[in-house]
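These are my notebook entries on what I looked up, written down in the order in which I went through the contacts and surfaces.

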Amino acid sequence: INIVELWQLRTLVATAELLNFTKASETLNLTQSAISHQIKALEEELGTPLFIRASRGVRLTDAGRLAYQHAKKIIAESE
């Protein structure tokens, strides 16, 4: 896994745990736009939405929950 993909996974994990793009951006010291772009790129790569976007945050889709679980394992193994 390359560094860009690892950052996308870290972004996925933070967003999944906080259920908010803005809070994830603050936690990761990135802009909200960067978070959105990373999540969108990951969704395009996987071919499925990972989050349901709402006015007060986001919710994980079933695919998002599965991706989140895999992302946590990959991050743990990389450390």
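Entry 1, salt bridges. I count a salt bridge where a side-chain nitrogen of Lys or Arg lies within 4 Å of a carboxyl oxygen of Asp or Glu. I keep in mind throughout that this is a predicted model. My search of the whole structure returned 4 salt bridges, and I looked at several of them individually.

In one of them Arg10 is paired with Glu79, and their closest N and O atoms are 3.2 Å apart. This pair links distant parts of the chain, since Arg10 sits in helix H1 and Glu79 in the segment after H4, 69 residues apart. I noted that Arg10 is partly exposed at 26% relative accessibility, whereas Glu79 is exposed, with a relative accessible area of 67%.

I then turned to Glu43 and Arg53, which form a salt bridge with the closest N and O atoms 3.0 Å apart. Here too distant parts of the chain are linked, with Glu43 in helix H3 (residues 32-46) and Arg53 in strand E1, 10 residues apart. Glu43 counts as buried at 10% relative accessibility, while Arg53 counts as partly exposed at 44%.

Which residues of H4 are buried? I listed Gly64, Ala67, Tyr68, Ala71 and Ile75; they cover an arc of only 105 degrees around the axis, so they lie on the same side of H4. The face turned away from that buried side carries the exposed residues Asp62, Lys73, Ala76 and Glu77.

Asp62 also forms a salt bridge with Arg65, the closest N and O atoms being 2.5 Å apart. Because the two are 3 residues apart in helix H4, about one helical turn separates Asp62 from Arg65. I recorded a relative accessible area of 61% for Asp62, which is exposed, and of 40% for Arg65, which is partly exposed.

Phe21 lies in helix H2 (residues 21-28) and Phe51 in strand E1 (residues 51-54), so the pair ties together parts that are 30 residues apart in sequence. Phe21 is buried at 9% relative accessibility, and Phe51 is buried at 3%.

Last, I looked up a nonpolar surface patch formed by Ile3, Val4 and Trp7, which together have about 310 Å² of accessible area. Ile3, in helix H1 (residues 3-18), is exposed, with a relative accessible area of 59%.

Definitions and conventions. Residues numbered from 1 in each chain as written. Predicted model: local features only at pLDDT ≥ 70, side-chain atom pairs only at ≥ 80, totals over all residues. Heavy atoms only, no water. Patch = residues over 30% accessible without salt bridge, like charges linked within 9 Å, V, L, I, M, F, W, Y side chains within 5 Å. Areas by Shrake-Rupley, 256 points an atom, 1.4 Å probe, with all protein chains shown as cover. Helix = DSSP H or I, 4+ residues; strand = E, 2+ residues; numbered from the N terminus. Buried < 20%, exposed > 50% of the residue type's maximum accessible area, 1.4 Å probe, protein only. Arc of directions from axis to C-beta.
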